[in-house]
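Subject: Structure handover

Hello,

Here is the structure I said I would pass on. My notes on what was found follow below it.

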Amino acid sequence: MAKQNQTKTPEPSAVVKPPLTKRAPPKAKIVKAVAGTDVRSLAQPFPIVAIGASAGGLEALEQFFGHVPTNCGMAFVVIQHLDPTRKGILPELLQRATAMPVAQARNRMKVNPDCVYVIPTNRDLSILNGSLLLLEPVAPRGMRLPIDLFFRALADDRLESAVGVILSGMGSDGTLGVRAIKEHGGLALVQEPTSAKFDSMPRSAIDTGLVDIIAAANDLPRRMIETLRHTPRATTRLADPEVETAVQKSAFSKICILLRARCGHDFSLYKKSTVYRRIERRMAIHQIIHIADYVSYLRENSQEVDLLFKELLIGVTNFFRDPATWTYLQEQVLPELFAAHPAGANLRAWVAGCSTGEEAYSLAIAFREAQERLNPSVPFSLQIFATDLDPDAIDKARQAFYPASIVADVSPERLKRFFVEDGNGFRVDKEIRAMVVFAPQNVISDPPFTKLDILTCRNLLIYLGSELQKKLLPLFHYSLKPDGILMLGSAESIGSFSDLFAPLEGKARLFRRSKGARQGLALDFPTHFISTRTESLMEPKSEPASANLQNLADHLLLQQFSPAAVLVNADGDVLYISGRTGKYLEPAAGKANWNIHVMAREGLRQELALALPKALRSGESTVCRNLSIGSNGASQTIDLTIQPIVEPAALRGMAMLVLSDVAAPPPTPAATGKRSGGRSQRVVELEETLEKARQEALKLREEMQASQEELKSANEELQSANEELQSTNEELTTSKEEMQSLNEELQTVNVELQSKVDELSITNNDMKNLLNSTDMATIFLDNVHHVRRFTTQATRVFKLIPGDVGRPLSDIVTDLVYPELLTDVEEVLRTLVFADREVATGDGRWFQVKIMPYRTLENVIDGVVITFNDIGRAKRLEAQLRVDADNIKDSS
């Protein structure tokens, strides 16, 4: 163990030397080791941090490693999406951000703490027993998921010491890997999507609901180290029964009670080691050392109770998990199941603990493929009931949408056939989706599905204690038909119930239900009710108090003299029983059913069916007297009192049924042995029976009338709603027609505008070519002397550039010796009379300057047009002629 704590350096050939410059980039400030940042002494083996990144990941990686202390005691493996055709330079780039040695991963390279390893290009990376393994990519380019592959391998190899970090990137690679790490008790961190250049990968991981920490890339190292520092040592884990103290037991029980009170589920019989690990992870995230302090934190923060509940319900699954099991199911089990049923039979299956639905859809796909291979004359149908304790997981399963990373588990043929590509993921085909019914259910306390041909409960039993396992396996035997199939997870078994199930294939964990059952096996049938047995766990048990005379007397009265009573809800489900009710109630044969209408004995059942709804509807107590019921071959006369409950609020809507024995009516004097008297007694009994029948008919008539009124009222409301919907539909239809009409008009206008734009473009081109062909400098000004347009030749007169459009002409440098230019422009705008001048330049050139008003098609003056005609040649000829004329004059 001591050797593992030593910091080793990879071989020199594998270490990338830092560049010559000694200065790190400004954003990548290298953090030196500080006290309390070394996590090697906190858990064994040392943590390995897998970092997945893609587009925009380099900047995030630099920010991350720029804040990782040098002697942190952790190893880092970077999985970056790289171009397989180019040589990777990522190690050199990361070396500038950290003082830890950065190496490109090589095959069978041992992972050491305080080192960084980078995946090479065109390779997949895995890990086994702390050594990196390079693999040839099998998936085509664009379909590779190297982050998921390494995260899964790391979870299997490092268990609770595995840490997964998702940084910036596109797609959903890493999502399934995060699930695997959380399944094994590891830590999952994700970059805050708003701080990532590309947020697809971070958001996909966050959508799993399994991420522990979400923060900016530069803050993730600090949060990760603080969490790992508060992770208990392997030698002092709370889950170890040998070190569990009375205080810890009490705290554990209180946590279970808080969870039950908040979420309605009892975790006290789950495996303590599993529950403790989840509790420890939440304690580490909040940096809480003592479990008693965490109990206080839970009591003060109800949201943390919800988060702990979600942590305990982590359901990690994937499509076709353990492929060998599914292959055996398709090739061996399902064909035998088809052969044992008539063609076209409807088969039933139950997927208990379905999580987000992958297992249920895998079963549906496997069934469909197996049936197509056999091609029966009349196709079979399969109804799959998929249940889970987590309602959020059920909601996701119902959506039937999964990230693109499922390509790692689903073959391209299955993807093409049974899935539809939808955005950044895949959606299960409607045909497969219709085969599955999802529902939230607690397999421990809710009634099971029955008459099943297939029951899958994979990777659920491993989280339950032995007591719950002994309860569920007989229940599964009860739920399955004879020769039904039970599928368990790869790490699960049937334990001591080999007489209930016969193994089909040991490695595949497939079992067939035996036809017989163990003699004397007690079936603990679930009900809707939550046991209150753990309430006494809030505090350590105290010694019994001294006997109290009043309490003993009250107890005696309740036991010996109080009438039998039953508390039921509006549906007649039995919630509580007081006293001995065996004379009045009897469990029905067959499937267990705790309903008062089923359990009531003959003579009570009919009166109860009429009186209970009436009492609940009226809110008043109802008494049925002198009811004669059959009891063990004899007759018993009782009074039935039904009292609706309004207070307390917790019992509102329920009813208390009180059953009281009464003396039988005395026989008439004429009944003493006389035949005529016997006939009179018979007549009396018949009259009483007839009267009861009349009363029942009257009650039924009243109830029917009330029901008719309610139905009439409901019908009127539905008619009103229907009329409103019709009106709304008409309005929507009208709006749709208007929108279509408007859309057509807009399309017409768009075509016209496009035509105008084309014409304008042609006209603009014609004008530009016309102005250029004149070889004349021209400048267009608006009413305030700002440049509107100019020709290329104008740049020989004014120092104009394209950016000068919109600037005043007075700001532009010119070679003209013409200080009155703007004055003449203003005069032309005022008088609308054009100006014509000959102006020289400083370098001896001459231009004829014409200033004319700019008229629009609407005959509106909107500026001026200034043209500059080069008359330098004419001026030179004029000067030459003058010289010649002077010479002739002088010679004459």
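Are Phe 65 and Phe 76 buried or exposed? Both Phe 65 and Phe 76 are buried. Please keep in mind throughout that this is a predicted model.

Aromatic rings

The search of the whole structure gives 16 aromatic pairs. One of them joins Phe 65 and Phe 76 in an edge-to-face arrangement, with 5.6 Å from centre to centre and 75° between the planes. This pair links distant parts of the chain, 11 residues apart: Phe 65 belongs to helix H2 (residues 57–65), and Phe 76 belongs to strand E3 (residues 75–80). There is also an aromatic cluster made up of Phe 319, Tyr 361, Tyr 402, Phe 419 and Phe 438.

Cysteines

The disulfide count is 0. A disulfide would need two cysteine sulfur atoms within 2.5 Å. For Cys 72, the closest cysteine sulfur is that of Cys 115, and because the distance is 9.7 Å, it is too far for a bond. Seen from Cys 115, the closest cysteine sulfur is in Cys 72, again at 9.7 Å and too far for a bond. Cys 72 is buried, at 0% relative accessibility. Cys 115 is buried as well, with a relative accessible area of 0%.

Asp 114

Where does Asp 114 lie? Asp 114 is in the loop that runs between strand E5 (109–110) and strand E6 (116–118). Its relative accessible area is 4%, so Asp 114 counts as buried. The side chain of Asp 114 reaches two backbone nitrogens: that of Cys 72 at 3.0 Å and that of Gly 73 at 2.8 Å.

Cavities

Rolling a probe the size of a water molecule over the atoms shows where empty space is left. In this model, the search of the whole structure finds 2 cavities of 30 Å³ or more. The second largest cavity holds about 30 Å³ of space. Which residues line the second largest cavity? They are Leu 82, Gly 88, Ile 89, Leu 90, Pro 91, Gln 104, Val 118, Ile 119, Pro 120 and Thr 121. By type, this lining divides into 7 nonpolar residues, 3 polar ones and no charged ones.

Regards

How values were computed: Residues are numbered from 1 along each chain as its sequence is written. This is a predicted model: local features need pLDDT of at least 70, side-chain atom pairs count only at pLDDT 80 or more; totals for chains, interfaces and linings use all residues. Side-chain values use heavy atoms; hydrogens and water are left out. Buried means under 20% relative accessible area, exposed over 50%, partly exposed in between (1.4 Å probe, protein chains only). On a 1 Å grid over the protein atoms alone, a cavity is a set of points where a 1.4 Å probe fits but cannot get out, and a pocket is an open set with protein on both sides within 12 Å along at least five of seven lines; lining residues have an atom within 4 Å of a point. Grid points are joined across faces, edges and corners, and a volume is the space filled by probe spheres set on the points. Ala, Val, Leu, Ile, Met, Phe, Trp, Tyr, Cys and Pro count as nonpolar, Asp, Glu, Lys and Arg as charged, and the others, Gly among them, as polar. Helices (H or I, at least four residues) and strands (E, at least two) are DSSP runs, numbered from the N terminus. A polar contact is a pair of N or O atoms within 3.5 Å; within protein, one must be able to donate a hydrogen and the other to accept it, and residues adjacent in sequence count only if both atoms are side-chain atoms. Rings of Phe, Tyr and Trp (its six-membered ring) pair if their centres lie within 6.5 Å; planes under 30 degrees apart count as stacked, over 60 as edge-to-face and the rest as tilted.
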